[in-house]
Amino acid sequence: MDTKTLSDFIAWSKTTDLQEVVFKKDGVSVEISTAAKNPKASDFSCKLTAVKAPAVGIYGLGKKGKAVTVKENMAVKQGDILGYVEMNKTVKEVSSPVKGTLKIILASEGAAVEYGQPLFFIEP
Amino acid sequence: MTKETIKPFTKVLIANRGEIALRIIRTLKEMGIKSVAIYSEADKYSAHVSQADEAVCIGAGPSSSSYLDIDAVIAACKISGAQAVHPGYGFLSENARFAQAVIDNGMTFIGPTPQAILKLGEKAHARALAISAKVPVIPGSDGVVEKDFLKAAKKVGFPIMIKATMGGGGRGMRPAFGEEDFQKALDTAQGEAKAAFGDGRVYFERLVLNPRHIEVQMAADNYGNVVAFPERDCSMQRKNQKLIEESPSPFVTDKVRQELCSAAIRLAKAANYSGVGTVEFLMDENHNFYFMEVNTRLQVEHPVTELVSGTDLVKLQIDIAQGKKLDISAQRALEVRCHAIEHRINAEDYKRNFMPCPGTIEEWIPAGGLGVRLDSHVHAGYTIPSFYDSLIAKLIVFAPDRETALKRSRRALNEFYVKGVTTTLDFHKIMVNDEDFASGNMNTGLVERIIKKNESKK
């Protein structure tokens, strides 16, 4: 392959969103790959904030009559109580660290949870 | 004989971290019992977490929010479904309230009863119990001396230590070696006590000169059977922190060993003890020994006894807790099968007053070969958290006799290579080459003397 064709080829590939091109003909082989092929962690962003278990124990929504409600897509304020973790004789509140929309619910009534385990994800 | 009632365990939770958690997991695996590790956020990548069958994160890095938080540990026990809890050493291992909480939640505490922990944990109680069991205690005036001072001092027997009733931190404390210097020492102690605490009252205690720290490992089952193992000599200590422990003591004769062990057994029986425990004594230069305290748990230095007696002490603890009778005779327990020496390797700088040096271990080449055992939870790339103690490894050597064991210690210490953090390996090399230590001529002041000698060399 002559250099002009190669230049044209590279120029053309830049007009596309291809990340990798392999060209093989008559014993000639060209491989072009762009930087985007190997993404770095910083190329991604996640807007979800985890609500972590404040203690090891059993998760629950609270006593009957005083239980809190959690529903997908509900709006939450910073500090809203999203349930409780009963750690033997101590009860710890699960509170929202940010204001936003409750996107993912992982916690379920009566589930055993570890300290720091994500219970919810909120989109601020 | 009471009939044996056995409740077999299928899952045990280890309420500890570091090398001891790993040590316990190893025995559980050999016994076919599932293990549950608990860990703090700072120990997420620790070996005890990866080696256990299950692991539960119980809190943040500081011990008070994790390993010392009774509610957190009990919550982890409940969600794991373990039938028993092994407390290791340190943390909650001698906490009667924790032992009781384990029992109240329907599990077995692998250790003595909360009652025994309380009875032996309080110094005055333990002393009274020792006296009742005819175990020698350091003679003292048993309370404040208010008149006939010299008579009281003679009754205790010189040399004595005159101590302020309200004392602490060495103030109001004066030794008197005989009648000649007694009056002057008394006046000084009373004067100092009055000035420092506004209370000049004093009491007397026999001064044990150049003592050795000698301790006896014992084991008791739930049916009143007690055995004791050959003594450990832990005289190589600095500020009450043991650096080297060995068994048997180069100073203790067969006759003294019999006396020590029968004293430990009498005390265990008097306390209705069950499980393994250690009775600590001070021994003077004439082989007189005096009771100090009981550690109602497994000790850091238990491996030397394991090697000398050929017994897995963790397995023994678990068997006792399951309700098995001791299957080792008193005579068999006392057999000395080898000489064992343990070196506690800490991430500390001995040249800077043994300051802890947490950090990341870059290279880790442990010692090995014949007669070497290494109990450690660390590896290359491991970061020592700053929240906990600085013990990174216990290097234990064993050989048919003390002389060979010392040679092995020197060889193994030279083999051991750690890069990235400062360790006490070099200080251990200095200690094993010290003449007094090598000849078995040690007491609780030797480590300080070695430090001084080494400083003056510079």
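User: The expected span of a helix is 1.5 Å times one less than its number of residues. What should helix α13 of chain B span on that basis?

Analyst: This is a predicted model, and every value below is computed from it. Helix α13 of chain B covers residues 402–415, which is 14 residues, so at 1.5 Å a residue it should span 20 Å. Its end C-alpha atoms lie 20 Å apart, in agreement with that expectation.

User: Which residues of α13(B) are buried?

Analyst: The buried residues of α13(B) are B:A405, B:L406, B:R408, B:S409, B:A412 and B:L413.

User: Where do those buried residues fall, seen down the axis of α13(B)?

Analyst: They fall within an arc of 160 degrees, and therefore line one face of the helix.

User: Staying in chain B, how many residues of strand β13 are buried?

Analyst: Strand β13 of chain B runs over residues 275–283, and seven of its nine residues are buried, so the strand is largely enclosed by the rest of the structure.

User: Which strands pair with it?

Analyst: Strand β9 of chain B (residues 212–220) pairs with β13(B) in the antiparallel sense over nine bridges. Within that pairing, B:Q217 is opposite B:T278. Strand β14 of chain B (residues 289–295) also pairs with β13(B) in the antiparallel sense, over six bridges. There, B:M283 has B:F289 in β14(B) as its bridge partner.

User: Which residue takes a positive phi in the hairpin of β13(B) and β14(B)?

Analyst: That residue is B:H287, with a positive phi near 70 degrees; the hairpin has five residues between the strands.

User: Over to chain A. In what order do the four strands of the open sheet come?

Analyst: The order is β3-β10-β8-β5 in chain A, with antiparallel pairing. Strands β3 and β5 (75–76) of chain A are at the edges, each pairing on one side only.

User: How many bridges link β10(A) to β3 and to β8?

Analyst: Strand β10 (residues 118–123) pairs with strand β3 (residues 49–52) over four bridges in the antiparallel sense. In that pairing A:K52 is opposite A:P118. Strand β8 (residues 100–105) of chain A likewise pairs with β10(A) over four bridges, also antiparallel. Here A:L102 faces A:I122 across the pairing, and A:T101 stands opposite A:E123.

User: What are the domains of each chain?

Analyst: Chain A is divided into domain 1 (3–41) and domain 2 (49–123). For chain B, the assignment gives domain 1 (11–110), domain 2 (149–206) and domain 3 (212–457).

User: What distance separates the centres of domain 1 and domain 2 in each chain?

Analyst: Taken over C-alpha atoms, the two centres in chain A are separated by 50 Å. In chain B, the centres of domain 1 and domain 2 are separated by 46 Å.

User: Finally, how many residues does the contact take from chain A and from chain B?

Analyst: Chain A gives eleven residues to the contact, and chain B gives eleven residues. On the side of chain A that touches chain B, five are nonpolar, four polar and two charged.

Definitions and conventions
Residues numbered from 1 in each chain as written. Chains lettered and ligands numbered in written order. Predicted model: local features only at pLDDT ≥ 70, side-chain atom pairs only at ≥ 80, totals over all residues. Contact = placed C-beta atoms within 7 Å. Nonpolar A, V, L, I, M, F, W, Y, C, P; charged D, E, K, R; others polar. Pairing = 2+ DSSP bridges. Helix = DSSP H or I, 4+ residues; strand = E, 2+ residues; numbered from the N terminus. Domains from an automatic or database assignment. Buried ≥ 20, exposed ≤ 12 C-beta atoms within 10 Å, placed from the backbone. Arc of directions from axis to C-beta.
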